[in-house]
Each structure stands twice: as C-alpha cells, then as structure tokens.
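Let's read some local features together, one at a time. Have the viewer ready.

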Amino acid sequence: MKELMQIGWTWYPSVVVGFSIWTVCYCLAIGPLRRHFSWGEAPRLIQQMAFHGGTLIGLLALVSPLDRLGDEYLFSAHMVQHLLLMFFTSPLWLAGMPGWLVDQILTKLPQILAGKITALPVAFFSFVGVMWLWHIPAFFNLAQSDEGIHIFEHLTFIGGALIGWWPIAGPSSTILSKPSAPLRMIYIFFVTMACTGLAALITFSTSPLYAFYRQAPRILGLSPLEDQHLGGLLMWLPSHMILLLALGITFLIWFQRDKNHPADKLASNPRFRSESR
Amino acid sequence: MTAQTDIVVKRRAPVVGGLISWLLTVDHKRIGILYLLSASLFFLVGGLEALLIRIQLARPENTFLSPDTYNQVFTMHGTTMIFLVVMPLAAGFGNYMVPLMIGARDMAFPKLNALSFWTFLFGGLFMYSSFVFGGAPNFGWFSYAPGTEKLYSPTHGMDFWILGILMLGLATTIGSLNFIVTIIQLRAPGLSLTRLPLFVWTMTVTSFLAVFSLPSLTTAVLLLFLDRQLGAHFYNVVQGGSALLWQHLFWFFGHPEVYILILPAMGIVSEVIPVFSGKPLFGYPAVVFSAIAIGFLGFTVWAHHMFATGMPSTTLLFFAADSFLIGVPTGVKIFAWLATMWKGKLRFATPMLFAIGFVAMFLIGGLDGIHLAVVPVDWQLTDTYYVVSHLHYVLFGGALFGIFSGVYYWFPKMTGRRLQEGLGKWHFWLMFIGMNLVFMPMHILGLQGMPRRIYTYGAGRGWEVWNFVETIGAFIIATSIMIFIVNFFASLRMAATNEEDPWDGFTLEWKTASPPPVYNFAEIPSVRSRRPLWDEKHPELADWRVEE
Amino acid sequence: MNILMQPRSINRLSTGSLALFIILASESIFFATMLVAYISLRDQAILPVEHTLRRLIIPLANTLILFVSTFFAWRATSSIRRGKTSTLKSYLLFTVLLGFIFIAGQIYEFSRGGMHINDQSYGGIFFTLLGFHGLHVLAGLVFLIINLLRAQLGDFSVTHHDAIVLGTWFWYYVVAVWLVLFGALYLI
C-alpha cells in the first residue's frame, strides 16, 4: 500500500498539450465557430459533459499513478488504462460530437473514403484488429520497451476505438448514415465475441504470457500469473457491461424511434408485392 | 397495398398421391408436421429410456440394466431429448406458424426447408443405429474428452454420435438460416420488427443463437473425430493437447444451446398467456429485449459449467457474476407474464394451464440455476442430482410444458378440431404431479451427495426412498403421456369443426382457415399494430387507435 | 402440388445475399473457434518448425496468387454488371485456375510439411486449420465453376446475375480468411 502511495503522476507534456488542444478545438467548434458559420444547434449539455468526461478519463488514464503502475508493475493496471481509453474515452468523445460537426469535417474529406472507413466490417476489424494485434506477446513487449512505439500503440487504440464505436455511438451525421438498429446490435454482438475470445485466452492461460511483466517488480502481493488473470478479468467484465449497455441503448432508441414513426406510413409503400399465378 | 381480387389457383394434378407427396413436400406446414411427428416419436423413445433409467434406480444395487447399458441409455436419453425432441419440436412449430404469423406464403427457401428436415431425421436415425452397430455412445450427452478418445471409448458409439451431431448441426444451421431470412424478408406490409409476435421474435433470436453457437460444437467434434480416427492429439494432454479445450469448445456451444431450447417455449407462452388473459402482453419491448439480452449474455457464461476445473478465482468471479446477471432478463419475462395475467379475463383452458405451469416450473428451475452460480455451492453440487433436478425443471417443466401449451393452442389451427379439454386437463395435472414427484426430491438427493450418472447406489444412505418415489413419478408422467396420445387420436377422429379462431386470438395465424390452404392467405394482410387480428375484430378498440 | 405464390420482397439486400452473409458469419465463428484452439494449443507446444524465409516462400506465393485471383473475381463481377458475358467467362476462368494453383501449392506444402497430424497437437491444429480453409476454397471453386458453366449457357445478364455477385463475395471471404490464417500461422 505504501508503495502505491509513492507512485507519482506522470505529466507527459505530449499528453497534456495534446488533450488541451483537443479540448480547445472542441470548445471553439461548438461555440464561436458554430455561431459564426451557423453550423447548427449547440450540442446538449449532457453531450458536452460526455465529451469533457471522456477527455478527463483519458487524461487521468494517461497521467495518474495508474500509468506508472501499469507501465512498470502490473499488467492488470495497464489493462485498466487501455480499457479506459477504448471503452470510455472514445465512445464518450463520439457521444459528445454533434452531427453537424462531422458533416463539416466530411465536406472537406472525400466522402466515399469516410463511408468506407465507417462501414461495419472495417469498423469491426479496426477495433478488434488493434486490440488483438497489440496483445500478441512479441508486439506487446515491444511497446513496453520503446516509448515511441508505446505512444503509437495508444494512438492506435484511440483511433481504432473511435472507428469501432462509430456505428454505435457515432453522431447522427446527415452524410454518413448509420446502419439499421438490428444490424448495429448484431455488430455489438460480434465485437463482444472478439473481446471474449481475447479475454478468455489471457485469463485461462496457465502461464504468464508477457515477458515484461514476468520480470516486473512485485507489488500488492500479486504473482505474475495472478496479475495476468486479474488483468483478464478487468478487461472482460467492464467491457461486457459497457457493450451490454450499448446493446440496450441501441434497442431503446430503435423502439422509441419506431413508436414515433409507425410503420403504417410504409403500408402503401411497395416494399412488398404479391404475385398472382 | 395488395389489392388482389380472385387468385386462381392452378393445381397441377399430383404426380403421385398420399405418402409420396409428403416425402416430396416443400410446404412449410407439412414440413412442420413432419418435424412434430418425428420429434414426438423420438420423445417416446427418449421417454422409454427415462423409464429404463428410473426402473434401474428404483432400488439400490439393482441389476435391471448392466452398467454399460445404463451408460448408453442415459447418454441417448439426453442426446435424444435435446437434439431430437425439443429442438425439432420448436422447429416444427416455427415452420408451421412463423410464415402464418408474419403473413407470408411460405418460408424463404422451401426446398432448403425440406433438406433441413430430412437431414435431421437421417441424423437422428443414424445416431440410433449405433445400438445395432456395436453400441451407442455411452459417455454422457456432452461427451467429455479424453474419456471419449479411442483409448477409453473403443466402440464406434462415439463416432456415430459425432457424425450424427454434424448432420443435426447442419440441419439446424440451414433451418435457422431459413427462419432468419424469412422473418427479415417476407413480412406483411406494416409488420415492422417492433410489431413482431413474441413467438416470431424468440424464433429469430433462437435462430441467431444456433448459427453462431453451432460452429463451436462443429470444431469440438471435428477435432475429436480427428483424434479418434487419424491419431491427432487435440485433447490428449501428454502430447500437448488439452482436455479442457473440449470443455471450452463444447460449452461455448452448450450454453447458448440451452437458450435455444427454452426461448421458443418462452415465445409460445408469451402468445398463450395474453390470449387467455384477454389482454396484450405487458411490457412488450422489455420482453423482446430480455430475449435478445438472454441470447447475447448466453455467449458469455459458458464456463459456469466448469467451475470445478481449477479456474483462477478471478475467472470464477467473472462467470458467477455474469451468470447472476443472466437471471435478470428471465425475471423480467416472468414479471411481464404475471402482469399480463393480472386483472385479465382469465380462461383456464389447457393451453393456459401448461403456460402457467411453465412459469411456475421454470421459476423453480431458474432459481436452481442461480444457486449453482454461487461458486462454493456449485463445488458441492456439481455433477450431483441437484443439477439433474435443475436441468429437468427448466427443460421438462420449462421447454416441454411450453411446447405442450403450443400443442393444445395450435392443434385446432393445424387439424380443424380441438383437443378434448377433459382429457387435456387430466394430462396436465398428471404430468405436473408426476414431474414434481420425479424432480423435486432430486434436490434433496443432490444435497445428500448422490452423484449423477451412476448406474446404482448402495443401500443405507437414505437415497432409496426418494429414488423409489421418483420412479413412481416417472410412471405417472408416462400415464399422462398415454392420456395425451389417446386424446390426440380420439380428437383427430372426431368431425372437423374447422374453427378459424377458436381461442379469440390476436395474431395473423388465426386469420386463415383451419387448416390453412396451401397458399395460406388469399390476400396478404396489412398490419397496423402488434395485435392485427384483435384490430380487425374490434376496430373501435384497435391497438393502433390506442397508440395514436 | 407446389403452388408457390411467393411474394417478392423489395429490400436493400437480396434474399440470397442475406443468406450468404449469415452463412459467412457462421463460418467466421467456426474459423474463430478453431483459431482460438490453435492459439491456446500453441501456447503449450514446442514449435517444431522454424519460421525461416525458405519456409515462407510457398505460403507467400500462395498469398500473392489469391490476391491476384481477387482482382479477377472483381473484374468478373464488373463485367457482367456491364453485360459483357465473354469477359465474365474469361475472368471467372482465371479466378478458378488461380484457385487450383493455390490448392496445388497447399497440397505440396502439406506433403513436405515436416509435421504430421498425429504429431503433437500443434501439428494437428496447424493442418486442421489449413485443411478446412482448403475445403472452403474448394467449395468456392465449385461455386465459381458452376457460375462459369451457367455463364456459358447464357444464364446471366445485366439485370440477373445474383449468383455471380454471391460467388465473388464468397471468394473474397475465402481470401480474407487466408490472410488471417497466414498471419496467425506463419507470421506470428
């Protein structure tokens, strides 16, 4: 416990500056720039809080003692950090983004590209690929040993998560439409399965997988294997709960929207044609 | 808008009559009946196997069945009831009713539908032929490796099981595919997914569960087959394999499988209770989401079947917590069913009796499951009769009661006659009493430490009393089934009344003739709410009016 | 007897595509479970074969062959979209030929393997994974060959060529699975 208290905060300049610029850009975009260019309505308060909450969580994940705990001592702590980045910060940022902001950015980018990037298979592989690849022991140990690669790793986590969460938590842009609710729910299922597979492999492993943490100094009385199993659990349960929550919210939005726009209006729509003879 | 007037039905003169037409049929209603009849025959066989088990266990140190025969019998009992009875019964009702309930003329792939059925039948018969070719599989319905490797299971029984499972898996996958495409593509105008009848919803979720979980079973049995036939070592620890690998692969399928077994029955009950309470289902969106959540979570709890395999405590914690969580959606459903009945105009016809019986029995079985989710409790009770009690409460008291509810409910639609109420009530009460006589004492036996799958037990532990009582119960169940069979044939021999809507139902299947013509609907109906038939019969009180 | 007045539904996705996607989703879980089995068994195994460049030559060549075949499959679909049946047939033929070359390469690779299915479990899972992938390649080739024959019989047109699209999708899938397997089995 005493050791825990002594682990200090790691105020990386790149992190602090980066997050600050990110926050400033957001505030400018939804404030003065929005009013000046008449881009649209201000995002609701809860959306703005979501965005800033995501920033705060991300910042804490990267500069609080959690960072050193994870980088130098415990695999499980490191997993909490990644979890915060991929399952909290990224979806919160998306939730906080107003649709018109996305539209504005997209008008500057080739829309076909944006459409392809956020397509479900691409989103899936971005999210899952980034997650699985960095857990391969060779790559994991590499990131642990080289700070530049470690920063790159975190950036890919955030990027992959932003793309992966886009179909579910992304803003309602008029240019980039989201897939139908049932399809989004199936997508969430597949993402959950991918997370389950990785968590299972790590948690059920009978030997420590990562050389770095085998040799790390012990803390809190956890052996390397116990630490690894704890890490597996911490990757597993919170991510499942968040994905379940996403499933529920997607469902609620679907049924709510449907209640407001009943399908009768489609009754005269030739969605359906009978044939005689 | 489908303004069809007269549809002239051009019938090609049948090339061959009667029996052959049934062999060549691609009509979903006939295929549904074929599934139901085949599954019923397998049910009788599986029931016979159960009676054999109960006779053997009625007395301590009994010699009615040899140990090896006993092992084959209980293995085939489990395999039969799960793969050859409950699943095809659900498929049978699904096949018959889903197109009707969504206002379609048939399934999306009628020929594939026929293929599913015949593959299932062949797979089941193939498995049973093992009895003649050297012995049936004898290591339990989940066939744990390495006990099922060639060294420890030298007869061909396991190979029959593996190949049979592959065939059944193929049949189920094709069938599930058919359901999903049908439900997505062939719904009547106005029938959005948010208005789908609950039975159709549960068939959808079940079908997704099947196509996503069966691949894991396929991998498991393929690797076992390679071990047995080509000398591979997937499950052989000495050569770098893993005995636990089998358990993971199997239960990753096995747990969604139990939801595959129960969801259709939950769907049936969700149809019957509202009709016989004269009210719409309470909390429709919550019930739908709980079906989806059960399916979703079902893929995440598999290792609660493996608590005693030496997992690290963090893993135990995760699976215990998740298994508690999965009880919540079921609780939501039970609450919704009870709330539907509350202040309703209840009619206690036989379908409703079985539906209420389902709720009560499934509650007990579900609570048993929650007990087993408590890891230290599970360490004592796993592989004892407590588990046998749990699984039978949910599968017999649950799935089977739900299916019988469907039988009594939909028999008039399928045959144009009702099953007799008097005999129906005898059937219900005898089955209910018998079932509880068999499976309630198993709680006590489990707590007393009686292991499952043992072919006999020593005297003097106090187990003999309960075992004897259970055997009596089993014969009471058998009697109730005979009453049902009598009812079935007697009702068929009565003159047809061809009532379209005997129960004052809510959903589209009651809009057709009983039995429906081959084309189902002369004119595809339009739908404006979740109870299209109610809307039609009571235009002033129509649901879509209330919603507006 | 079979009066099928089947209503046609107008949906974004055709019935055939929907069926194919469901099948592919199911197959993905099949390969995923086998891959997870592979990873967990490899954890415990002693790798008998070293990953040298020489070992990688045939798998690399095979990867290239599949990439090129994807191009041909794509061209086949775009040909029939413009109604050009003759180029459709040529491109289908090239795809099929490359597919068979891939299979031949795999068989060669298996025969000089150095591992056998009844070696310790690592050898077994290695071959099982590649073997089942190979079976799917064969299934894809059967699909493409049937398409080729039907194209020869004039079955396809600008408006009616569902089977070509589905066959191409299946082929893309088979190549995608190869990429994942190649990465997991040979590169890591």
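Q: Where does B:Asn520 lie in chain B?

A: B:Asn520 is in the loop between α16 and α17 of chain B. Helices here are DSSP runs (H or I, at least four residues; strands are E, at least two), numbered from the N terminus. Before we go on: this is a predicted model, where local features need pLDDT of at least 70, side-chain atom pairs count only at pLDDT 80 or more, and totals for chains, interfaces and linings use all residues. Residues are numbered from 1 along each chain as its sequence is written, chains are lettered from A and ligands numbered from 1 in the order in which they are written, and side-chain values use heavy atoms, with hydrogens and water left out.

Q: What is the phi of B:Asn520, and is B:Asn520 buried or exposed?

A: Most residues other than glycine have a negative phi, and most peptide bonds are trans. B:Asn520, though not a glycine, has a positive phi of about 65 degrees. Its relative accessibility is 3%, so B:Asn520 counts as buried (buried is under 20% relative accessible area, exposed over 50%, partly exposed in between, with a 1.4 Å probe and protein chains only). B:Ser143 also has a positive phi, near 40 degrees; B:Ser143 sits in the loop between α4 and α5 of chain B and is buried at 0%.

Q: Which residue does a cis peptide bond join to B:Pro146?

A: That residue is B:Ala145, and omega is about -5 degrees. B:Pro146 belongs to the loop between α4 (110-128) and α5 (157-185) of chain B. Another cis bond runs from B:Ser514 to B:Pro515, with omega near -5 degrees; B:Pro515 is in the loop between α16 (463-493) and α17 (532-537) of chain B.

Q: How many aromatic pairs are there over all chains?

A: A pair of aromatic rings is described by the distance of the centres and the angle of the planes. Rings of Phe, Tyr and Trp (its six-membered ring) pair if their centres lie within 6.5 Å; planes under 30 degrees apart are stacked, over 60 edge-to-face, and the rest tilted. That rule gives 101 aromatic pairs over all chains. In one of them, the rings of A:Phe212 and A:Tyr213 have centres 5.1 Å apart and planes at 80 degrees, so this pair is edge-to-face. A:Phe212 is partly exposed at 26%, whereas A:Tyr213 is buried at 3%.

Q: Which ring does the charged end of B:Arg347 sit over?

A: A charge sits over a ring if NZ of Lys or CZ of Arg is within 6 Å of the ring centre and within 35 degrees of the ring normal. For B:Arg347 the ring is that of B:Phe276, 4.8 Å from its centre.
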